[in-house]
Amino acid sequence: MDFGLSEEQVLLKDSVRRYFEGECPTSRVRTVMEGSDGHDVGLWSGLTEMGIPGLLVPEAQGGSGLDLLDAALVAEEMGWACIPGPYLACVMATVGLLAVDDTSVAARLLSGIAAGDILATVALGEDGDEWDADRVQTRVEGGVLRGTKPLVPYAASADVVLVAARDAEGPGLWLVERGAGGMTIAPLEGSDMTRRVARVTLAETPGTKIASGRRAIDRARDAGLVLLAADAYGGAQRCVEMTRDYVLTREQFGQPIGAFQAVKHQLADLATQLEPALSLWWYAAHAYDHIPEDAARYAALAKAHLTDLYDRAMRDCTELHGGIGFTWEYDLQLWFRRAIFDRAFLGDAAHHRQRAADLAGW
Amino acid sequence: MNLSFSPEYEAFRADVRAFVAEHWTAADAAATEVDPDSVAAMTGAAVRTDERAASFRTLAIERGYLYRHVPRAYGGSEQPPDPLKAVIIAEEFKAAKAPFEIMGQGPSMLVPTLLEHGTEAQKQRFVRDTLVGKIRWCQGYSEPGAGSDLASLRTKAELDGDHWVVNGQKIWTSSAQEAEWMFALVRTEPDRPKHDGITYMLIEMNSPGIDVRPLRQMTGDVDFSEVFFENVRVPADGVIGERGQGWVVSRSTLKHERALIGNAALQRRTFDGLLLLAQTVELRGGRAIDDPVIRDRLVAVETRLLAAERHGQRLLTLSARGEDPGFAAMVPKLYATGLSYDIAKLAMDVQGDKGLLAIGEEQAHFSGMFTVAYMWSLGILIAGGTANIQRNIIAERGLGMPREVRK
């Protein structure tokens, strides 16, 4: 019985944090935010050297063959450091490929992902906040796809897109390569420019079916939910630390404002809510690979709870900063934007609580 | 991360289970139905203290299963600390409704104090009988003018020959009516600074001059009292530690594995009842649980409960690894306080208009037991240091924020 991280996991977290502290201060984050595609190739190749894109790729394909928990610990550190880029898309595509029927195609792509040669993403959701595989409207007939995917992460940078669609047999996953005929990619402006999205239109676009049924789609979505929860936790923790440091420095009435009970209590409450939430997403990540009966439900619970907490953390931390927290130049707002993304992407908290109730058979 | 127990621990579990099955029969378990409205029942603790329970506890102590942190010389089972074994024992005893370590302030607060500061004679006199429930204790700390600022207490004791003479008043004294003894903080050095003038004293509750006046709670029950002292004589050897050192003596806390057991158990029990209620109660033509707002709130509180339970596993792991839990150990009480309230409030709302019915009213769902939980969620908000005191501690000791000015 050991509900804690291994030495290797602690080492992974530490090395990623050191890399971000050295290479990606918020000045670099802001530069990437203002860039055209939100993808810092230099940063990504550094991560590739550390083996991050291949964490979940089997060793046979050049990866580390680790668990979602390991990938989520990296997501936590990215949330902590506000790291821009396609990591979420990469992990969701990876776990989708691990669940497909066509293993030879998957093996080729997974090797490319681990080596940093292929950037993969997933196109799951559709207009109307639809993330359920059974309600997907994108159609496949005669080997071509027709439909719209309104919020595809890093579609403009991706070499391949795994598209959730349906044919006569029902839902499944199709592989669409960059530049495929009839595919239009329209980058969108999000509140959080550290995680880009684009509207992808498929008009008679050729694609290869790689998975039948909803399993690959569900696995990709559930992994995404856990990663968003981890990102939210990392971000919220960072903001609590930032705010604690600020209220110990900022003086009013001749003393640090952190000496006032109202300030202490607000921060204590926030930190108290956050601390046990760590164990919730740890368990969700662990269950994803090791406790199948809990995997989908805990992914939903963790995403709902952590993104709710992230929202609250950002509100409280901004309030505790006063006016400076509301400015563009002060970094706190970068995390507020990430909280907006984490909360909305893959469906909101109430939606996932509804799903969790259904999954419990209530 | 690995959530199963190793073969060594599974073998230990099998031993414990076999022991319990042999010595605590199904008939014993069936006779162990405590009052379902009691707080003890809500925590899932079977609190029998009769002869049958006492003899079982004695056997369990001999086997090394109960009071593992207490030396054998004083009635414990003196086992090396092992949080995982402690959890296995607690789980197996609870599953069989077998008598576990007695809850209450005697075993949890007085015994650690005696072990750290008591004389050999005091340890021999009190520890063993307290552990098996032969001596019941109440705690004489709070006074009408000394709550959060406990060290300002004014109940005084003056030396008169070989006796102390105690005068004053305590309040919020749990179990004062049943207890045979009280461990109390009294002022013996009125001229010293307030923390330095306090003595830790053991007072027999049947002493002449003690007047216990029960206080009725908002639930209608009586769990605590006011205790008045008028020229109560206490033998001079009834002091633990040095005269005037009572503040330090009273800081002896429960620093052992037991503190980790039963994390969120009370909240789990109330939630399971709430879920059953929501699935059975009819509300506006359907099951309450099918109301989308109730359904959402139900999952939201369940999520926080699951987080608390997993947090308990994390604390257990840190303890088993011998790592300092630090901040993680500071939050469970405040966390549970808010959670208890939200679970109980939802249980009230799930009953719709029937929620207004009183405790014990037959037309009320489950005889109004959720109203007890609802009211008790306010009780735990206050008991053992109010939520705002907890916030101070978390901010100051946990987050390193400045201590407030205290006089």
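This is a predicted model: local features need pLDDT of at least 70, side-chain atom pairs count only at pLDDT 80 or more; totals for chains, interfaces and linings use all residues.
Mentor: Residues are numbered from 1 along each chain as its sequence is written, chains are lettered from A and ligands numbered from 1 in the order written, and side-chain values use heavy atoms, with hydrogens and water left out.

Trainee: What makes a residue part of the contact of chain B and chain A?

Mentor: Contact means heavy atoms within 4.5 Å. The contact takes 47 residues from chain B and 43 residues from chain A. The buried area, meaning the accessible area (1.4 Å probe) that two parts lose on being put together, summed over both, is about 4,200 Å² here, and carbon and sulfur atoms give 62% of that.

Trainee: Why is the pair Arg314(B) and Glu275(A) called a salt bridge?

Mentor: A salt bridge needs a side-chain nitrogen of Lys or Arg within 4 Å of a carboxyl oxygen of Asp or Glu. The N to O distance for Arg314(B) and Glu275(A) is 3.0 Å, so the pair qualifies. Across the interface of chain B and chain A the rule finds 7 salt bridges. On the side of chain B that touches chain A, α9 (265-280), α10 (292-321), α11 (332-350) and α13 (387-398) of chain B each supply at least two residues. Of these, α10(B) gives the most, 18 residues. Helices here are DSSP runs of H or I, at least four residues, and strands are runs of E, at least two, numbered from the N terminus.

Trainee: How do you know that Asp231(A) and Arg195(A) form a salt bridge?

Mentor: Their closest N and O atoms are 3.8 Å apart, which is within the cut-off, so the pair counts. Asp231(A) sits in helix α7 of chain A and Arg195(A) in the loop between β6 (183-187) and β7 (197-206) of chain A, 36 residues apart.

Trainee: What makes the second largest pocket a pocket, and which residues lie nearest its centre?

Mentor: On a 1 Å grid over the protein atoms alone, a pocket is an open set of points with protein on both sides within 12 Å along at least five of seven lines, and lining residues have an atom within 4 Å of a point. The second largest pocket is lined by 26 residues, and Glu76(A), Tyr233(A), Glu275(A), Leu278(A) and Arg314(B) lie nearest its centre. Its volume, the space filled by probe spheres set on points joined across faces, edges and corners, is about 670 Å³. The largest share of the lining, 5 residues, comes from α7(A).

Trainee: Why is the largest cavity called a cavity?

Mentor: It is a set of points where a 1.4 Å probe fits but cannot get out, hence the term. The volume of the largest cavity is about 160 Å³. Of its 18 lining residues, Met78(A), Gly85(A), Tyr87(A), Leu88(A) and Arg338(A) lie nearest the centre.
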